[in-house]
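Subject: Structure handover

Hello,

Here is the structure you will be working with. Please open it beside this email and follow along.

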Amino acid sequence: MYASIGGSRRPSAPRKSRLTVRLAVLASTVALGAAGLAVAATPSSAATCNGYVGITFDDGPTGSTSALLSVLRANGVRATMFNVGQNVQSNPSAARAQVDAGMWVANHSWNHAHMTSMSQSQMQSDLSQTNSAIQAATGVRPQLFRPPYGETNSTLQSVASSLGLRQVIWDVDSQDWNGASVGQIVSNAGRLQAGQVILMHDGIQNTRDAIPQIMANLTSRNLCPGMISPSTGRAVAPDGTPPPTTPPPTGTPTTPPPSGGCTATATTPNVWGDRYNTSVTVQGAGNWTVVVALTPPQRVSTTWNGSPSWDSTGYVMTMRSNGSGNTFGFTTMMNGNSSARPQIRSCTAG
């Protein structure tokens with residue numbers, strides 16, 4: 001369903017998700033399991049951020065916010081959550097979980113009304129009330145505002161500005177609110193270019209299922225999820241700096257003693273502010289199993305050229321050859337620990 005504004009067509013709010021907790025958990029598990037398999041990018045294509053895009057989700061928090069956050073974290077995505085004030089008020093813990101997961105929170109009005117039909121004082125009250133609810137729940141005061149349905153006018157923009165809010169619409173509409181399939185959502189996201197912003201929604205199963213493939217496509221084009229600048233409304237690096245123009249530092253190789261007839265050598269060729277890539281080369285065997293240990297709270301978000309599995313702690317990864325050669329890699333989110341690097345525990349042939 002659309003609302004027509006000035007000859008343009010804007011999407012209406014998506015239907016509320018009616019998934020049960022069991023289905024939400026199942027969906028999250030499926031998406032998490034697919035994350036490592038969906039990324040077919042080579043280490044070189046996964047290594048460079050030549051630009052940033054704004055991944056955004058409207059209408060949260062919902063009953064499926066936890067499942068969405070699990071998929072985002074599993075795929076190394078930091079996104080901007082345009083939250084509805086009354087949803088935050090009724091579910092403050094979910095809003096807080098967004099911030100705890102590294103997401104940015106923003107204002108999407110109090111109850112998703114058609115704000116251009118409001119008086120200036122009503123607009124002021126609506127946005128102020130939403131700001132207060134978000135700040136009370138998360139400790140963060142929003143700096144961004146997205147008008148419901150993308151409907152805006154000069155009065156609304158002026159009110160938002162007076163409250164310290166930068167208006168952000170979108171460049172690419174995923175069409176998830178319109179019943180788009182996973183493939184269609186992935187295809188639409190494939191149009192994203194550096195600096196642009198995509199519209200998606202909390203509470204939609206197909207959207208969650210599309211995230212690993214969206215990330216694989218972005219990685220193959222050297223694009224990374226970024227924050228939306230409150231100054232320009234465009235996607236920039238998470239710390240506000242432009243994309244790197246010089247090669248990142250190279251780490252020191254770590255070579256463990258040979259075990260079972262093969263040797264694995266790890267290097268960290270690419271390091272950014274919040275994550276880094278590790279490349280592991282195996283010698284002495286064509287069919288191999290390598291065990292890698294992380295230092296908490298670091299977590300692997302993406303792997304390539306191998307078949308990973310994890311122990312119960314989530315910090316020990318067993319990577320097995322999958323016919324893609326003798327070099328595999330993975331991206332690790334630092335999660336506040338910028339100094340630690342993965343350690344190779346063993347390499348076993350056969």
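Strand 3, helix 3 (residues 65-74) and strand 4 form a right-handed β-α-β unit. Right-handed means this: with the strands pointing away from the viewer, the path from the first strand over the helix to the second runs clockwise. Helices (H or I, at least four residues) and strands (E, at least two) are DSSP runs, numbered from the N terminus.

This is a predicted model: local features need pLDDT of at least 70, side-chain atom pairs count only at pLDDT 80 or more, and totals for chains, interfaces and linings use all residues. Residues are numbered from 1 along each chain as its sequence is written, and side-chain values use heavy atoms, with hydrogens and water left out.

Strand 3 pairs with several strands. Two strands pair if DSSP finds at least two bridges between them.

- Strand 4 (residues 80-83) runs parallel to strand 3, with four bridges. Here T56 has T80 as its bridge partner.
- Strand 9 (residues 197-201) is also parallel to strand 3, over five bridges. D58 stands opposite H201 there.
- Strand 10 (residues 223-225) is joined to strand 3 by three bridges, again in parallel. Y52 is partnered by C224.

**Helix 7**

Now go to helix 7 (residues 154-162). Which of its residues are buried? They are L156, V159 and A160. Seen down the helix axis, they fall within an arc of 100 degrees, so they line one face of helix 7. The arc is taken from the directions from the helix axis to the C-beta atoms. S154 and S162 are exposed on the other side.

What do the buried residues of helix 7 pack against? They pack against helix 6 (120-138) and strand 6 (144-145). Contact here means heavy atoms within 4.5 Å.

At the start of helix 7, a side-chain oxygen of N153 comes to within 3.2 Å of the backbone nitrogen of T155. Just after helix 7, G164 has a positive phi of about 75 degrees.

**Salt bridges**

Side chains of opposite charge can pair when their charged atoms come close. A salt bridge is a side-chain nitrogen of Lys or Arg within 4 Å of a carboxyl oxygen of Asp or Glu. The structure holds four salt bridges. Take these in turn.

R96 pairs with D100, and their closest N and O atoms are 3.0 Å apart. Both lie in helix 5 (residues 92-100), four residues apart, about one turn of the helix. R96 is partly exposed, at 35% relative accessibility.

R234 meets D171 at 3.1 Å, N to O. R234 sits in the loop between strand 11 (227-228) and strand 12 (235-236), and D171 in the loop between strand 7 (166-167) and strand 8 (172-173), so the pair ties together parts that are 63 residues apart in sequence. R234 is partly exposed at 32%. D171 is partly exposed at 36%.

R275 and D274 also form a salt bridge, at 2.9 Å, N to O. Is R275 buried or exposed? R275 is buried, with a relative accessible area of 13%.

Best wishes

Note on methods. Buried means under 20% relative accessible area, exposed over 50%, partly exposed in between (1.4 Å probe, protein chains only). A polar contact is a pair of N or O atoms within 3.5 Å; within protein, one must be able to donate a hydrogen and the other to accept it, and residues adjacent in sequence count only if both atoms are side-chain atoms.
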